[in-house]
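Visitor: I have not looked at this one before. Can you walk me through some contacts?

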Amino acid sequence: MGEEPCFTGSRGSGTIFFTGCSCHCFFCQNWQISNGHGDGRVVSAEEFHHIALSLVECGVHNLNFVTPDHFWPHIAALCRRLRDEGVQIPFLFNSSGYQLPAMVAEYAALMDIFMPDFKFADPALARRVLRDERYPEIALEALRIMVAEKGFLEPFDPSGQHPAKRGVLVRHLVLPGLVDNTLRVLNLLRAEFGRWLPISLMSQYKPTPAARQHPDFDRHLSCEEYQTALAHAQALGFENLLVQPLATTDDFFPDFQRPKPFRGNP
Ligand code: SF4
């Protein structure tokens, strides 16, 4: 239930988290599984299918593959099998935005929804966080193809009464002390895709143990910073904007060493 209401609806989004991520952001909230610490477990193709089917049978609105890129052959095989078995709920590609543009059409052949991050418009910041200043250009090109393949998210219903079926929604996490990066991201997205691009403007940054080693990244986002970002998005005229209240609990900050990583889930 920790995803945006467009995806969680009333019965939840069936998230499956994969170990590893090509970005290795030092502030990653999923650091226990994403940044090479090795948490997670190996599953066979049969067990993977069983996990996915169990979620479908729970009634989730979609299957949500989180940082799926490097397991793509396995995910593609799973998705084909599920479709052959009559599973009709949307498949959602939940990713960093740092996707090889040449792969996106292949993903789009099986996925219904893309939910990429757009983290950085500032190449120097991208270099600092994930050691590749090309992130803005790579993410932009990948996003262009995602939008060309699937269009914008439909339906876009922030109430969650009508969960999304297909299309693209972009996530952007506002970072403490780096609101200028957010303003540049919003300007870039507005210029490229127009005001109807669905955007989730996230406020949930929380310093992890690794992030505390980096000056600027060792604190929460302030209310003023988020308000500045939100005011800019509104001034740019974005019509499909999801706003995230500043978190008052850790309910959806994961600990993957717990049997139930997200306390907020039922
Ligand atoms: S792209 Fe997302 S999941 Fe990957 S390391 Fe960065 S914050 Fe974590």
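Guide: What follows covers the ligand shell, the aromatic rings and the salt bridges. This is a predicted model, where local features need pLDDT of at least 70, side-chain atom pairs count only at pLDDT 80 or more, and totals for chains, interfaces and linings use all residues. Residues are numbered from 1 along each chain as its sequence is written, and side-chain values use heavy atoms, with hydrogens and water left out.

Visitor: Which residues surround the ligand?
Guide: Around the ligand are C21, C23, H24, C25, C28, N35, T67, S96, D117 and K119, each with a heavy atom within 4 Å of it.

Visitor: How many of the shell are nonpolar, polar and charged?
Guide: The shell divides into 4 nonpolar, 4 polar and 2 charged residues. Here Ala, Val, Leu, Ile, Met, Phe, Trp, Tyr, Cys and Pro count as nonpolar, Asp, Glu, Lys and Arg as charged, and the others, Gly among them, as polar.

Visitor: New topic. How many aromatic pairs are in the whole structure?
Guide: The search finds 19. Rings of Phe, Tyr and Trp (its six-membered ring) pair if their centres lie within 6.5 Å; planes under 30 degrees apart are stacked, over 60 edge-to-face, the rest tilted.

Visitor: Why is the pair of W72 and Y107 edge-to-face?
Guide: Their ring planes stand at 75°, with centres 4.8 Å apart, so the pair is edge-to-face. W72 is in helix α4 (residues 72-84) and Y107 in helix α5 (residues 101-108), so the pair ties together parts 35 residues apart in sequence. Helices (H or I, at least four residues) are DSSP runs, as are strands (E, at least two), numbered from the N terminus.

Visitor: Are W72 and Y107 buried or exposed?
Guide: Both W72 and Y107 are buried, meaning under 20% relative accessible area; exposed is over 50% and partly exposed in between (1.4 Å probe, protein chains only).

Visitor: Which residues do ring pairs link into a cluster?
Guide: F18, F48, F65, F71 and F91.

Visitor: And how many salt bridges?
Guide: The count is 15, taking a side-chain nitrogen of Lys or Arg within 4 Å of a carboxyl oxygen of Asp or Glu. One of them joins E47 and R41, with the closest N and O atoms 2.7 Å apart.

Visitor: How exposed are E47 and R41?
Guide: E47 is partly exposed at 30% relative accessible area, while R41 counts as exposed at 58%.
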